Amino acid sequence: MFVAGRKRKLAAGPCQTPGSRSALSVPAPEAEINRWYVLGRENFRERQYRNALDYYNRAVALAANEGVRDAKLYEARAHTLYKLRELTRALADAKEAVRINASSSAGYICIASILADMGKPEEAFTVVKQSLGLADIHASEHKHLQLLYSTLALRLDSTHQPIIESDADPITRLPADLIIMVLRLLDTRMLSICRSVSTRWLHVIDNTPVLWSKPCYLVDSPAHSLARELPAYSKAQKRVQQRPHRTTTPPDTVICRVFERSQRSLLIAAFPDGSTVSAKALEALLACPRPLLTHLALGRASLPRPESISRILSWCLPAMVTSIRLPYCVQVGDDEIGVIAKLGHKLRALDISGCIRISAKRLFLAWNLELAAGAHAVTRIEELIINDHPGIAEFLVYSSKHRHFGKLKVLHAAIRDQAVFSMIRNLGPLLAYFQRIQVTQAPFPDLRELNIDGVWDTTISAHRFESTQLSHLMWSCRLFSCNLRRFSALDSSSVNHNHLQHVFQRSLPSLQQLHLTRAANLDALAVATRTTGAGAMLEPLPLVSLDLSGCVGVTAQGLLALIARCRHLTHVNLSQTAAENSVLNRLTDIVNSTDAPGIEVLVLGATDVTGAAVRDFAAACSARYRRQRENKHAKRVWRLQLLDVDNCAGVGSDAVALTRDLLSSMSTLVLAAI
């Protein structure tokens with residue numbers, strides 16, 4: 001026995017003395033404190049406040065014995081005591097947490113809440129007002145602190161007296177926190193309207209900075225959703241209706257008011273499209289504190305002076321800006337790109353569509369300097385939009401050589417204005433330089449979304465060389481990866497069939513959105529039967545949105561083979577194709593399937609479907625809608641939003657009338673011009 005004990009002592013190591021602490025037998029004080037803290041937090045989340053208080057007491061006692069001063073222990077115990085309504089003890093712990101950490105937002109929130117419940121709203125408001133300048137602005141509780149400030153300010157307002165008359169103003173009957181929650185659901189336009197209701201509403205809205213932190217001038221409507229899911233169909237509908245596009249822009253006074261009222265809560269500095277920004281609005285923006293600013297969007301706004309862009313970008317530098325969108329701002333040039341590059345370690349999204357004064361070479365040089373200064377290999381930009389930019393080809397070539405933008409997940413390089421081809425310069429030497437580069441890997445290996453609308457359009461004949469070479473460059477740069485989720489190539493009348501096969505072979509198993517219109521060389525049957533291994537032809541595809549409108553070369557057999565592998569379709573546009581009853585019957589099976597999300601938008605204009613197949617599809621949609629309405633556990637009730645069978649010769653007026661009657665319960669828009 002003596003030998004065995006001696007062996008155990010020797011195994012402990014030469015540095016282990018009898019009086020020292022063993023890490024295997026007795027845990028370190030910090031680990032033991034953290035263990036009690038975690039157990040207390042778990043019980044607090046489960047609303048076992050007495051058990052949580054016991055664990056927190058143990059953690060605080062052990063920390064006091066070891067000489068550890070941690071504010072989070074007192075914050076957690078203060079919140080637990082507050083839940084148990086032991087307000088005096090809770091207030092003492094909250095003050096101790098603030099004494100240890102003067103920037104503790106959670107401690108200030110706890111103190112203010114306790115004082116308010118103790119009938120001392122004036123003291124609570126004073127604490128919150130003083131804490132806004134001391135608390136950490138990047139903490140998760142800081143927004144709650146700002147909301148508490150607005151709530152207490154509204155509560156202390158002498159005009160806010162609850163009354164019981166039935167015809168009373170609702171904003172005076174509701175509690176202060178509920179009023180702010182309701183008003184935060186409104187956009188900027190509606191807030192401006194609410195200000196004019198009464199002086200009471202004006203006072204409440206103007207003195208609540210949280211309401212103005214995210215200015216929104218446009219309301220998200222079903223038309224906007226359709227434009228995102230099926231942009232080609234949305235544009236066609238606007239041309240058919242022949243309605244002039246009218247942009248309602250807010251007056252300059254509204255923009256000034258947004259920046260003035262937001263104070264330190266401003267998260268998004270946005271100028272709406274088509275607005276004319278005056279010098280007064282610009283000065284109101286530059287005078288606004290910006291500790292929480294994350295997004296800058298100028299849209300197609302007209303600025304008072306050319307140097308206004310530089311002033312705005314320099315104003316954004318100290319903030320944590322993660323998104324800058326400057327679409328079609330002709331004032332933006334190479335100098336402004338140098339300022340934007342200084343935000344490279346924070347920036348995640350950049351939109352320079354139509355900024356023709358920016359050269360791709362300067363873009364890479366500016367980021368090269370910032371990456372070298374920060375000792376980074378690539379930028380953190382994940383979304384880059386360079387639509388209608390003459391430097392698209394130059395950007396792709398430089399990206400193949402340098403990996404500055406290797407973390408891109410979203411790339412939009414569409415050509416919607418064909419005049420851009422006439423602005424492309426030195427394409428011949430650029431292609432010669434590209435041929436000398438040995439492209440061994442994809443420039444954007446994590447690319448998830450690619451938009452190249454108009455690149456394969458042959459409507460322009462004056463610049464056929466630039467169009468053809470840019471199209472060829474898209475294939476040579478290896479943009480199509482196996483991780484691609486969304487791919488859009490509208491107006492692809494000149495696309496090559498072999499190139500399409502190469503795209504689908506690599507990306508089709510992962511694609512969730514496929515928009516490929518007017519592709520006369522597309523063979524859907526070859527796409528659907530393309531296999532990469534044994535049994536791959538039977539594997540389902542994750543497609544959710546499918547737009548093949550105008551692909552006249554697609555046969556009904558090819559469409560049927562493709563749709564047979566897609567059980568998760570929700571938006572489908574097969575107008576001006578060879579779609580017939582067999583294709584529509586397959587879409588009806590998807591609606592009848594219980595494990596499929598169901599089709600929400602279906603466009604079959606100028607196809608060979610008949611009225612009987614359309615009636616069967618409408619009956620299946622009506623039955624599914626009725627089943628989901630009866631299911632009380634359904635979180636979201638599915639419904640068919642749009643059915644377009646315009647110019648279908650086989651669909652008569654009787655079938656249209658019956659279809660509309662079947663779909664009337666779900667308010668489906670049925671378009672059928674007989």
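This is a short chat about a few local features of a predicted model.

Me: OK, and where does Leu 178 sit? Buried, partly exposed or exposed?
Reply: Leu 178 belongs to helix α10, residues 176-183. Its relative accessibility is 35%, so Leu 178 counts as partly exposed.

Me: Switching to helix packing. How do the axes of α20 and α21 cross?
Reply: Helix α20 (residues 392-401) and helix α21 (residues 427-436) have axes that come within 10 Å and cross at roughly 20 degrees. That makes the two roughly parallel, because angles under 35 degrees count that way.

Me: Which handedness for that crossing of α20 and α21?
Reply: The α20 and α21 crossing is left-handed.

Me: Where is Tyr 328?
Reply: Tyr 328 is in the loop between β3 (323-325) and α18 (334-341), and at 28% relative accessibility it counts as partly exposed.

Me: And Asn 647, what's its phi? Buried or exposed?
Reply: Phi of Asn 647 is positive too, near 55 degrees. Asn 647 lies in the loop between β13 (642-644) and α28 (653-662). With a relative accessible area of 55%, Asn 647 is exposed.

Me: Last one: what about Ala 94, buried or exposed?
Reply: Ala 94, in helix α5 (residues 87-100), is buried at 1% relative accessibility. Its C-alpha is separated by 9.7 Å from that of Ala 112, 18 residues apart along the chain.

Technical notes. Residues numbered from 1 in each chain as written. Predicted model: local features only at pLDDT ≥ 70, side-chain atom pairs only at ≥ 80, totals over all residues. Heavy atoms only, no water. Helix = DSSP H or I, 4+ residues; strand = E, 2+ residues; numbered from the N terminus. Buried < 20%, exposed > 50% of the residue type's maximum accessible area, 1.4 Å probe, protein only. Axes fitted to C-alpha atoms, helices over the stretch in contact; angles between N-to-C directions. Parallel < 35°, antiparallel > 145°, perpendicular 65-115°, else oblique. Left-handed = near helix turned anticlockwise from the far one by under 90°.
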